[in-house]
Amino acid sequence: MGTDSDSNAWNRARGLAVKTLLLIGGALLVKRLRKSTTRWDHAHFVSKSLSGQRYSKDQASRDPDNYFNIRMLTCPAAELVDGSKVLYFEQAFWRSPQKPFRQRFFMVKPCPKELKCDVELSTYAIRDMEEYKNFCDRPRDQRPQPEEVIGDIAEHLTTVHLKRCPRGKRCLYEGSTPPGGFPNSWQNGATYCTSELAIMKNNEIHTWDRGYDDNGNQVWGQREGPYEFKPAPTSSFNDMFSPLNFPPPPSMERRIEGSFILQE
């Protein structure tokens with residue numbers, strides 16, 4: 001018969017073997033899960049992450065000379081036959097959400113295999129913007145239906161290529177337009193524009209759109225850094241009367257036009 005010391009040694013060896021097997025099994029499971037994430041999984045995650053209502057109120061409070069309290073609202077609008085998601089997007093001043101100054105369609109799909117990115121986010125103009133104002137705020141039966149949405153996708157404006165962020169960064173996905181941006185002649189002598197986008201781990205969306213002239217001089221857009229849109233906070237009575245929540249006076253309109261592309 002074995003001694004107590006032999007029995008203890010056997011138990012320790014068995015316990016070590018079990019722990020080793022669990023570690024190996026866990027590592028294999030994580031590896032398998034990572035491999036099972038498809039290109040469409042990334043696209044669907046980005047689509048869901050972009051959806052929702054967010055505000056730049058905190059940023060406007062920290063730096064009111066350069067940022068305004070803007071509402072950013074995005075929601076699903078249609079799905080194409082290839083699986084691409086179409087989202088409706090609008091921005092408005094907090095106190096006048098019924099009057100968006102920017103309206104777009106987003107099209108979200110996997111990046112082409114030849115590109116080193118995960119998700120392709122393209123922006124399109126809308127044929128009849130008036131018909132889509134406050135699209136996300138309306139009941140579904142009072143919105144343009146998916147077939148109409150697809151028919152109202154107009155001019156292609158920009159495309160941002162998103163990649164998963166490396167470990168240790170605050171973002172989940174980030175990306176920008178290709179070098180050289182996209183043609184743009186909307187205002188202030190711009191000839192091309194660039195866009196940057198980051199989806200953060202805390203559910204914030206950071207956007208940075210800028211326009212440049214032929215000489216590479218920035219002629220519109222933020223100079224200090226991207227707009228930071230945070231998920232909609234719980235409203236309070238005092239917030240309603242904050243100066244950050246009122247439209248800027250006419251004297252500030254020129255500065256706004258340098259930050260956003262206002263639409264007629």
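This is a predicted model: local features need pLDDT of at least 70, side-chain atom pairs count only at pLDDT 80 or more; totals for chains, interfaces and linings use all residues.
1. Residues are numbered from 1 along each chain as its sequence is written, and side-chain values use heavy atoms, with hydrogens and water left out.

2. On the overall architecture, the protein has seven helices and twelve strands, taken as DSSP runs numbered from the N terminus (helices are H or I, at least four residues; strands are E, at least two). Of its 264 residues, 42% are buried, where buried means under 20% relative accessible area, exposed over 50% and partly exposed in between, using a 1.4 Å probe and protein chains only. Among contacts (heavy atoms within 4.5 Å) with a separation of 6 or more, 54% join residues 24 or more positions apart.

3. A cavity here is a set of points, on a 1 Å grid over the protein atoms alone, where a 1.4 Å probe fits but cannot get out; a pocket is an open set with protein on both sides within 12 Å along at least five of seven lines; and lining residues have an atom within 4 Å of a point. Volume is the space filled by probe spheres set on the points, which are joined across faces, edges and corners.

4. The lining of the largest cavity comprises 22 residues, with Arg102, Phe106, Thr123, Ser195 and Asp209 nearest its centre. At least two lining residues come from each of the strands S3 (85–93), S4 (102–110), S5 (119–126), S6 (153–164), S9 (192–200) and S10 (205–212). By class, twelve of the lining residues are nonpolar, six polar and four charged, with Ala, Val, Leu, Ile, Met, Phe, Trp, Tyr, Cys and Pro counted as nonpolar, Asp, Glu, Lys and Arg as charged, and the others, Gly among them, as polar.

5. Twelve aromatic pairs are found across the whole structure, a pair being rings of Phe, Tyr and Trp (its six-membered ring) whose centres lie within 6.5 Å, with planes under 30 degrees apart called stacked, over 60 edge-to-face and the rest tilted. Tyr88 and Phe105 form an edge-to-face pair, 6.4 Å centre to centre with 75° between the planes; Tyr88 lies in strand S3 and Phe105 in strand S4, 17 residues apart. Both Tyr88 and Phe105 are buried. By contrast in geometry, Tyr192 and Tyr212 are stacked, at 5.3 Å centre to centre and 15° between the planes, and this pair links strand S9 to strand S10 across 20 residues. Tyr192 counts as partly exposed because its relative accessibility is 25%, whereas Tyr212, at 14%, is buried.

6. The second largest pocket holds about 300 Å³ of space and is lined by 14 residues, of which His42, Arg164, Cys165, Leu172 and Tyr173 lie nearest its centre. Helix H2 (39–50) and strand S7 (171–176) are the elements that give two or more residues to this lining, which divides into six nonpolar, three polar and five charged residues.

7. Arg170 sits in the loop between S6 and S7 and counts as exposed, because its relative accessibility is 54%. Leaving aside residues up to four places away in sequence, Arg170 touches Met200, Lys201 and Asn202; the C-alpha atoms of Arg170 and Met200 are 6.0 Å apart, although 30 residues separate the two in sequence.
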